[in-house]
Structure formats: C-alpha cells, structure tokens
Amino acid sequence: MSTLECQGLTKSFGAVQALQNVSFSIAAGEVRAIFGGNGSGKSTLAKILGGSVFADQGRIICAGQPVNVTSPVAAKNLGIIVTSQELSLLGNLTVEENLQLCDLPRRVLFTDRQRIHQEAMLVLERFHLEKFARSPVASLAPNQQYLLEFAKALIQKPKILVIDEITSALYREDVAQVKAVINELKAGGCCQLFISHRLNELYDICESITILRNGELVETAPLAGISEDHLLSQVSGQDVTKVILRSRQTTRLDNSDKTFLKVRDLALPGFTDSVSLDIAQGEIIGVAGLQGNGQSGLVRSLFALEGPIGMECDGASLKLSNPSQAVHHGFAFVSGDREREGTFSIRSLLENTGAVTDLVLGKKNRHKEESLRQYRVAMRSARQPIRTLSGGNQQKVVLARWTTTDPRLFLADDPTKGIDVTARREVHSFMHELARRGTSVVFVSSDSEELVDLTRTYSNSRVIIMYKGQIIQTLKGAAISAENIAYHEVPKGGSLT
Amino acid sequence: MSKRLLSRLANSPQLPVIVLAVAFFCWNALTLRGFFTPASLREFLNLMVPLGCLTIGSSMVLVTGGLDLSVGAVVCLVNVTVITLMGKNYGFSLAAAIGVGMLAALGIGLLNGLVVGYLRINALLATFATQSVAAGAALWIMPRPGGRGSTAMVKWFKSGWLAGVIPTSALFLLIPLVIWYLIRATPFGVWLYAVGQDEQKAFLSGIRTRGVKLMAYVFSALMAGLGSIALLGNIGGGDPNVGMSLTLSAMASTVIGGVSLAGGEGDALGALIGAVFFNLIIYTVFGANLSVFYQDLATGLIILLGIVGMTLYKQHNVRKRRDFTG
C-alpha cells in the first residue's frame with residue numbers, strides 16, 4: 001500500500017515564493033483534489049513530485065520512507081507518475097511509442113514492436129483510441145492527446161499519480177472515461193492528486209481537497225459538505241458571493257441591432273460545408289460544440305489565419321489576406337495556446353502589452369502600465385519577462401495588449417484554458433466591458449459552463465453551437481444553459497464520431 | 001506489393017530528393033558522354049563515398065536537433081594521423097594506423113558529445129570550436145601535404161569487388177547504413193527522434209537525453225573517420241586541409257535528403273540520396289562546359305533549388321496533415 005506525505009515543502013523562483021511550507025498527507029487509495037488560483041503553487045507541487053523541480057526545503061515520504069526525487073527517472077522508479085498540463089507527448093512518434101517511451105520493451109537489444117503494440121492496445125482500448133496506435137501523435141485532436149497523456153501515466157502502473165489539469169481540454173464523455181480509470185486505480189490502492197479548475201469535476205471525482213493560495217496551504221478537508229462558495233472564497237481570499245452578485249447586475253444597454261460584419265459561405269479548414277454568420281455591433285457570441293467541429297477554425301478564419309477571406313463590413317465588402325490587415329481593420333485575436341501564439345516569453349510585460357499598438361499599428365501606446373494595472377496583473381515590475389508570471393496572469397497581459405488597440409471585433413479561441421475560476425470571471429467582465437463599448441466579441445470555449453457564465457450575464461448575447469463546420473443551433477437568453485448546449489451539441493440522429 | 005511500395009514512396013518525406021536525384025542522373029546519362037558506362041559509374045561511386053559517410057553521420061546528429069560542424073576537420077585529422085603513422089618514422093601497418101585514426105575521431109566525437117550533451121553548450125558554437133581543435137591538431141601533425149598511403153589499398157578501394165558483385169567502395173556506405181538502421185531498431189533509435197522533437201518533454205518522459213546526444217555525436221565523428229578512410233582510398237596521400245569543404249556539403253546534402261534542421265525528422269537513407277544528388281550536380285555543372293567562373297554559381301543555384309524545394313514540400317505536407325485532422 002502506498003501513501004504519500006509531504007513535509008514543509010518550500011520552493012522559490014527568484015523573488016517569487018512558489019510554495020511555502022506545504023505539508024499534507026494522502027492515504028492509500030485516496031483521491032485528493034489540489035485546488036487553487038493561478039500561481040498558487042499547484043503546478044510547482046506537481047513538478048516537485050515528478051522530479052523536474054527540486055524543493056528548496058522539505059521532505060517527501062512515500063510508504064513511510066523518506067525519498068529523494070532528483071529526476072523524472074527517479075520519480076518513475078518510485079512509482080510517482082505525473083501527467084503534465086503541457087503534455088509530455090512527442091508529435092513525431094507514434095501513439096504506441098509515446099506510451100512506453102522511457103521503457104520500451106526489448107527483445108535482446110532491439111525494440112520489441114510486437115509487445116509495444118500489444119501493451120499499448122490494452123490501454124488504448126479503454127479510451128477508444130486503438131485505431132490510432134500507429135499514427136503519429138501530431139495527427140490526433142487535442143482532447144485525444146490529453147487522453148493519451150493520461151493513458152501514458154496509466155501504462156506505467158503508478159503508485160502515486162498526479163493528474164495536472166488533464167481534464168481542462170476534455171469533453172464530458174472523455175472525463176467519464178478518466179473518472180472510471182481513476183476509480184479503478186483507487187481500488188488498487190493508488191494515491192492520486194487531481195488538479196483541476198473545474199469545480200464540478202472535483203466534487204465528482206475527489207473525496208478530499210487541499211486548497212493552496214499564493215504558495216501556502218489554506219485548508220485540507222473532506223470534500224463532502226464543503227460548499228462551492230466556501231472553496232472559491234478560500235481560493236481568492238475574499239468573499240466571492242459579493243463578486244458574483246456584482247457581475248450579475250449588468251447594465252441593460254442594448255446597442256442598436258446594427259450588423260457590423262456579414263460572413264457568407266465561409267468554408268472552414270477540414271470541412272466541406274460552409275458557414276454564414278452575422279455579427280452585430282456590441283454583441284457577444286459564445287461558440288460551443290464538441291471538440292474539432294470547426295469552432296477554432298471559425299475564429300481563426302475570421303482573423304485571416306487560414307488564408308484570404310472575404311466578408312462584408314459596415315455594408316462594404318472587405319477582403320483580408322493576412323492577420324496584419326485584420327489588425328489594421330480593428331480585429332483582435334487571443335489564442336488559448338499562450339506559449340505559441342500569445343506571449344513573447346522572454347520579453348517584458350511592457351513590450352508584450354505594446355506589441356500590437358507600437359509595432360503593428362505604429363502608434364505609441366503610453367498607457368501600457370496603466371492597462372496592466374487595470375487588468376490586475378500580479379507583477380513585481382512591468383519590466384519583468386512575461387514567462388515569470390503564472391498562466392492566468394500571462395493571459396491577462398495578452399488581453400491588455402489587444403484591448404488597448406480599441407478593437408471592433410474581438411476573437412477569442414478558448415482563451416481561458418488552464419486559468420483559474422477567479423481569473424476567468426475577470427476575463428468575462430473584461431469581455432462585457434468591451435462589448436458595452438461597442439466591440440463585438442466571438443468567444444470559443446471548450447467548457448460550456450463558461451459560455452453560460454459569459455453570455456447569461458450580458459443581454460446582447462447568444463451562443464452558437466457548431467457541428468461538422470456548420471452552425472446547427474443558436475441559443476438566446478433563458479435558453480442558454482449547460483444542459484441545453486450539451487443537448488444540441490450532438491445533432492439528433494447523428495452519432496458521435 | 002508494387003502498389004503499396006508506390007504509395008509509400010508518394011507519401012515519403014524523401015520524395016523530392018528521390019525525384020531530383022533520378023532526374024539529374026537521367027540528365028547526366030543523356031548529356032554526358034561516357035557517364036553511363038560501368039567504369040564511369042564506378043568512379044562516380046568511389047568519389048561520392050566520403051561525402052556519403054559524412055551525411056549518414058550528420059543525419060543522426062541532426063535528428064537529435066543538433067549540428068556537427070567538426071566532421072570535415074575530423075576527416076583531415078584522421079587522414080594525417082593515418083598517413084603520418086604509416087610513414088617511415090613510425091612504420092605502422094595500414095590496419096594499426098587506421099585503428100589509431102579512428103580513435104582520434106572517437107576522441108573528437110566524445111568531446112562534442114560531452115560539451116553539447118552534458119555541458120549543454122550550443123551545438124553550433126561547440127562544434128565550431130572543436131572543428132578548430134581538430135583542424136589545428138591536423139596541421140600540427142602534418143604542416144603541409146605529403147606522405148603516401150598504401151597503393152594496395154587504393155587499388156582495392158577503387159576497383160575491387162566483393163564476391164564479384166559488390167564494389168568495395170560501396171562497403172563504406174553499406175556498413176554505416178546497416179549500423180544506422182540497427183540503432184534505429186533499438187529503443188535508442190526511438191529516443192533519438194524524441195530528443196530531436198522536444199528535449200524537455202523527452203527528459204520529462206524519463207529519457208536520458210544527455211546520453212542520447214553523446215552517442216549521436218560519437219556516431220557522427222566515427223562516420224567522418226570512416227569517410228576519411230574512403231577519401232584515402234581515393235587520393236592515397238596526406239593533406240591537412242583535405243576535408244574542410246566537406247562539412248557544409250554534408251549538411252546541405254542531409255537537409256536536401258529530408259532531415260530537418262529542427263530535429264526529429266528524416267533518416268540516413270534520405271540523407272545519403274541527398275549526397276548522391278549533390279555529387280550528380282557537380283558532374284552536371286562540370287559537363288555543361290561552363291566557364292570555370294560560373295561553375296560555383298551554377299552549383300550553388302542548384303543546391304538552393306534542392307533546399308527550397310525540400311522545404312516547400314515539407315510545408316505543403318504539414319498543411320495537408322493539419323487539414324486532415326481539422
């Protein structure tokens with residue numbers, strides 16, 4: 001039976017205290033939620049357990065024995081397996097190679113391809129991924145890759161499993177599979193740490209919770225009987241019920257129903273049917289759908305990222321051949337893939353904020369620090385490199401970059417992926433603020449509850465649901481609910497493919 | 001069977017280089033008098049073997065996302081070591097001299113691997129420095145061209161046959177290829193590609209990335225050593241500068257052969273075909289009766305064509321794959 005105990009774990013990166021004297025213990029077969037805002041130290045904790053970061057102080061005790069986790073290999077030898085939010089999969093290798101990468105079975109000296117295949121199939125069948133066994137990982141959809149990351153942990157027979165944000169890109173049916181596996185491991189006595197921002201999953205999967213705030217442990221308790229509001233208050237350090245109330249009292253300022261943008265017969269990449277959409281000024285459009293049905297293709301196409309695009313803007317025809325032209329016409333685009341498409345990681349916050357205004361539009365933006373403060377970016381100085389911030393704060397900087405361009409159309413492709421609940425709420429209120437000033441917002445999210453939060457509290461809004469590159473349903477007003485979205489995501493008579 | 005082979009070929013990342021090599025081969029065969037004769041083809045093979053060895057070695061380093069600028073200097077170092085040891089001052093036998101020469105190559109390979117893999121110094125700078133070290137050592141051992149190798153070996157290399165069917169010089173390509181694909185068939189072969197794709201992720205997955213890189217540089221240096229022996233079979237003498245121009249030719253051939261400079265992609269056979277293409281165009285330009293002033297220009301333009309063609313083809317493939325997944 002394996003147990004895990006952490007005693008006084010402390011870690012700092014430069015002046016930033018990532019973890020401060022964190023102690024807790026987990027019994028065999030327990031599933032513990034680790035919950036906290038961005039920058040609260042959850043990922044640092046996962047990295048220390050996985051051996052990719054060393055604690056400055058503190059001890060890790062496995063099954064009663066103090067252990068030294070000095071490298072990922074050492075962690076694996078102890079049976080500590082960590083799934084990573086950034087994914088540890090290599091796109092150029094096949095699915096089955098990835099699964100057993102560090103200990104590929106051999107026959108004499110050579111890789112035993114047959115055994116790799118057999119062992120991989122056993123795990124892949126559980127996640128309905130068996131037909132991909134010999135495909136390169138790069139050809140899988142994002143949610144399938146996250147499932148694979150989980151499968152990769154599973155195949156290593158973990159004694160202690162740390163699941164870091166694996167579900168943030170998964171859909172309901174995927175999460176159910178993950179949950180089934182977690183329960184099975186639990187029955188086998190495996191200790192599990194489950195890190196997620198989705199509250200309903202925590203309640204559904206975990207039995208106890210450890211809450212972190214700014215690197216310190218706030219509370220460890222059984223989950224049963226703890227209210228959602230209590231959790232959120234503990235995480236943010238303030239009473240959330242007030243915050244939520246405030247954001248629900250939105251001013252009913254109906255912008256005239258002036259159509260700003262008309263898109264006709266736009267073929268999205270990878271789909272044969274085309275899509276048409278009218279976007280009104282000051283409107284918020286939430287985009288829902290099962291993963292890979294053209295949601296991100298839609299916003300990316302509108303930003304001319306998928307080749308030239310023609311549309312009608314203010315009644316005149318408009319042709320955009322590249323993102324630069326889109327920016328000059330007042331389009332803004334925020335991607336959920338911060339690392340690749342959002343931030344200039346080693347440049348300062350100021351430079352990141354001014355990237356579009358100063359460099360593309362050629363107007364000197366003098367209010368950069370001001371907008372960083374307005375977005376409540378947790379920073380020491382505006383000159384620190386952006387990579388020293390947590391994911392949520394980085395995304396706020398990117399949002400600040402685009403809002404200072406005074407955009408007419410704001411396109412967001414799952415911008416809150418991996419961002420904590422409070423920061424999410426802030427992002428939503430920024431969207432409302434933009435829309436109130438006349439900007440149209442098109443917002444894609446893989447989390448339908450987020451879309452409900454975003455659109456229900458703003459009157460001039462709707463949710464469109466996409467399937468196979470087409471808009472199959474539009475929800476407005478009271479019809480917007482997570483259940484309704486889930487119901488319409490799969491068209492009647494259609495099957496999940 | 002042949003249908004499957006064709007479709008595999010059509011989807012292969014090496015398609016452009018295969019097309020280019022075949023096209024230039026046919027062009028040469030049609031336009032150059034005496035090119036398509038057994039004697040001339042044998043000569044072509046003999047001359048391309050040294051570059052071929054180097055590209056096979058380089059391809060492994062490039063697959064790990066690295067870069068080896070020292071291979072040409074290793075060719076020089078091995079060349080002067082062997083010739084000097086066979087000279088009358090030392091009187092080594094051919095085999096013993098080659099053995100010591102290969103040890104020198106191994107030394108440079110280990111140095112590269114330790115500096116790049118373990119000290120994590122940028123490969124471009126590290127191997128640029130070790131190139132100077134090896135070239136400097138070669139000049140120190142033999143300040144000016146001279147010395148003679150074994151005439152028997154030159155004869156064996158240039159016109160010998162194994163079992164009556166395999167040209168002896170082809171052995172210098174077959175052995176490295178076999179070693180490469182044997183390595184590819186071990187877990188280590190998978191790790192090479194993992195490290196080249198993303199070193200951090202490979203490390204997090206429990207791969208000993210430093211060891212993988214070390215081995216790649218050692219392999220590259222040993223193949224450069226083998227290339228030097230093949231060169232000795234062609235020229236039979238010592239020259240401290242003999243291999244310097246091979247470094248970048250090997251790199252260009254490797255890239256034309258479909259190995260990505262960014263790592264994680266391509267293999268030895270493609271790189272070797274790149275080297276064949278490289279040598280074919282030298283014949284083409286030579287045979288076109290161009291003034292000597294334009295030969296480099298023409299060669300350069302064709303190489304540029306090869307590299308650009310390869311890169312565009314890959315970008316096209318990536319786009320195709322992305323469209324497929326939506």
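Predicted model: local features only at pLDDT ≥ 70, side-chain atom pairs only at ≥ 80, totals over all residues.

Tutor: Residues are numbered from 1 along each chain as its sequence is written, chains are lettered from A and ligands numbered from 1 in the order in which they are written, and side-chain values use heavy atoms, with hydrogens and water left out.

Student: How many helices and strands does chain A have?

Tutor: Helices (H or I, at least four residues) and strands (E, at least two) are DSSP runs, numbered from the N terminus. On that basis, the secondary structure of chain A comes to 18 helices and 22 strands.

Student: Why is chain A described as being as compact as a globular protein of its length?

Tutor: The radius of gyration is taken over C-alpha atoms, and the globule rule is 2.2 Å times the number of residues to the power 0.38. For the 497 residues of chain A this rule gives 23 Å, and chain A is as compact as a globular protein of that length because its radius of gyration is close to that, at 23 Å.

Student: What percentage of the residues of chain B is buried?

Tutor: Chain B has 14 helices and four strands. Residues count as buried under 20% relative accessible area, exposed over 50% and partly exposed in between (1.4 Å probe, protein chains only). Of the 326 residues in chain B, the buried share is 52%.

Student: How many residues of domain 1 of chain A are in contact with domain 2 of chain A?

Tutor: The domain assignment, which is automatic or from a database, divides chain A into domain 1 (4–238) and domain 2 (247–330 + 407–489). Their centres, taken over C-alpha atoms, are separated by 33 Å. Contact means heavy atoms within 4.5 Å, and the residues of domain 1 of chain A that touch domain 2 of chain A in this sense number 18.

Student: Which element gives the largest share of the lining of the second largest pocket?

Tutor: On a 1 Å grid over the protein atoms alone, a pocket is an open set of points where a 1.4 Å probe fits, with protein on both sides within 12 Å along at least five of seven lines; lining residues have an atom within 4 Å of a point. The second largest pocket has 33 lining residues, with A:Asp447 and A:Glu449 among those nearest its centre. Domain 1 and domain 2 of chain A each supply at least three residues to this lining. The largest share, five residues, comes from α17(A).

Student: Is A:Val108 buried or exposed?

Tutor: A:Val108 lies in the loop between β7 (106–107) and β8 (110–111) of chain A. Its phi is positive, about 50°, although A:Val108 is not a glycine. With 78% relative accessibility, A:Val108 counts as exposed.

Student: Where is B:Arg120?

Tutor: B:Arg120 is a residue other than glycine with a positive phi, near 55°. B:Arg120 has a relative accessible area of 68% and is therefore exposed. Its place is in the loop between α5 (94–118) and α6 (123–141) of chain B.

Student: What distance in space separates B:Arg144 and B:Asp239, C-alpha to C-alpha?

Tutor: B:Arg144 is found in the loop between α6 and β1 (146–148) of chain B, and it is exposed at 62% relative accessibility. In sequence, B:Arg144 and B:Asp239 are 95 residues apart, whereas in space their C-alpha to C-alpha distance is 6.7 Å.
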